[in-house]
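Subject: Structure handover

Hello,

Here is the structure for you to look over. My notes follow below it.

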Amino acid sequence: MGEQARSADAERIYNKRWLIALIVGPLLLGVLAAAWILTVADRLPAELASHWNGRNEVDGWMSVAGAAWMAVAMGALGALIAPMGILFRAQSLLFARIGVGFGLAFGVGMVALSVAMVAGQIDLVDTSQADLSGPVMAAGVGLAFVVGLVGMFLYKPDEVDRTQSSEVIATNEAAASDRSPVVQAGVSRAARNETMRIRVSMGKLAWLLSLGLGGIVAVSTYFIFPVLGLLGLVVAAITWVFCSGTMVIGPEGHKVLAGGFWKVMPLEWKEVRGASVEDITAMDYGGWGYRMNGGSIGFIMGSGPALIMEAGFHQKFVVSMPDVATAGEAAALVNAYVHSGKVKS
């Protein structure tokens, strides 16, 4: 924890700066390693050894350009893992700091492995004597340890503020009053059997996350076996599907269409006890996307306003909302349909 509590805005800026640094740092290291590999290309065999079997015999090769791309991919992998530590601060500040340190150490270590592979083959005529450079690998491991330790020491977040905003509090107070416009509108829409559709998405982050994960998987698996690179397309497609969707509230119940077509979280109104609005922290529900965490099932697009539906035995269904006002309208319509069902029964 920080020595002095920051304001909510200051804490957001603090974590945003760390997030940028944890993405840019490992990526930049990978790019620098790739640049070095290309500068020594004329001192390397045409095909580099990239894999050794249990008898320490070379059984895999790649081009110099492939080695350079691998260094960038390893940096990108570190840039993907290191920021995950920041996301864990909602669950544990200690785990968050350990995660940042581990992510940095992993990124540096993997880039060092790429460099050591190339350094061990400088000035070789062929790959028969190729091996990892021991000194480079040792230096890389040492640097990874130091960078990880420094990152863990320097990153000192404050506790996540779970105080509900005044707008959320006002929205829930209005939802509890039969005279409020939002409740009356919900009752009127339910009486007409209207269906409400709300688009929920991570926005630009959906594409960034999908293409990033897909690209890393594609590049990483391509050098193991080229055809496996197609797995990147599969990963990107699946990630995109669960980074956006449409929530549907209608006479028959509630559902979310992940990617606009994959039905998840189906609910009949007889199962629902009521709905409310809440400012959520994504990691409290296990992260982003379609989540099942303990007694909660969620379609989480990020921290912020969400529709909370109580159902079954202490079970929560949570759907991220584009804004508090839309969440309030959705909660009013859910409650109207639930109440209508109870009256009919």
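A convention to begin with: a crossing is right-handed if the near helix is turned clockwise from the far one by less than a right angle, and left-handed if anticlockwise. Keep in mind that this is a predicted model.

By that convention, α1 passes α2 in a right-handed crossing. The helices in question are α1, residues 8–39, and α2, residues 64–81. Their axes come within 7 Å and cross at roughly 170°. Angles over 145 degrees count as roughly antiparallel, so α1 is roughly antiparallel to α2.

The contact draws on both helices. From α1 come Leu-22, Ile-23, Pro-26 and Leu-27, among others. From α2 come residues including Val-64, Ala-67, Ala-68 and Gly-75. The contact residues divide into 16 nonpolar, 3 polar and no charged.

Next, the cores. The largest nonpolar core has 39 residues. Met-247, Ile-249, Phe-299, Leu-307, Met-321 and Val-334 touch the most other members. Helix α10 (residues 324–344) gives this core its largest share, 9 residues.

Last, Arg-189. This residue sits in helix α7 (residues 181–191). Is Arg-189 buried or partly exposed? Its relative accessible area is 22%, so Arg-189 is partly exposed; buried would mean under 20%. Beyond its neighbours within four places in sequence, Arg-189 contacts Glu-194, Met-196, Glu-329, Leu-333 and Tyr-337. Leu-333 is 144 residues away along the chain, yet the two C-alpha atoms are separated by 7.1 Å.

Best wishes

Methods:
Residues numbered from 1 in each chain as written. Predicted model: local features only at pLDDT ≥ 70, side-chain atom pairs only at ≥ 80, totals over all residues. Heavy atoms only, no water. Axes fitted to C-alpha atoms, helices over the stretch in contact; angles between N-to-C directions. Helix = DSSP H or I, 4+ residues; strand = E, 2+ residues; numbered from the N terminus. Parallel < 35°, antiparallel > 145°, perpendicular 65-115°, else oblique. Contact = heavy atoms within 4.5 Å. Nonpolar A, V, L, I, M, F, W, Y, C, P; charged D, E, K, R; others polar. Buried < 20%, exposed > 50% of the residue type's maximum accessible area, 1.4 Å probe, protein only. Core = buried A, V, L, I, M, F, W, Y, C linked by side-chain atoms within 4.5 Å.
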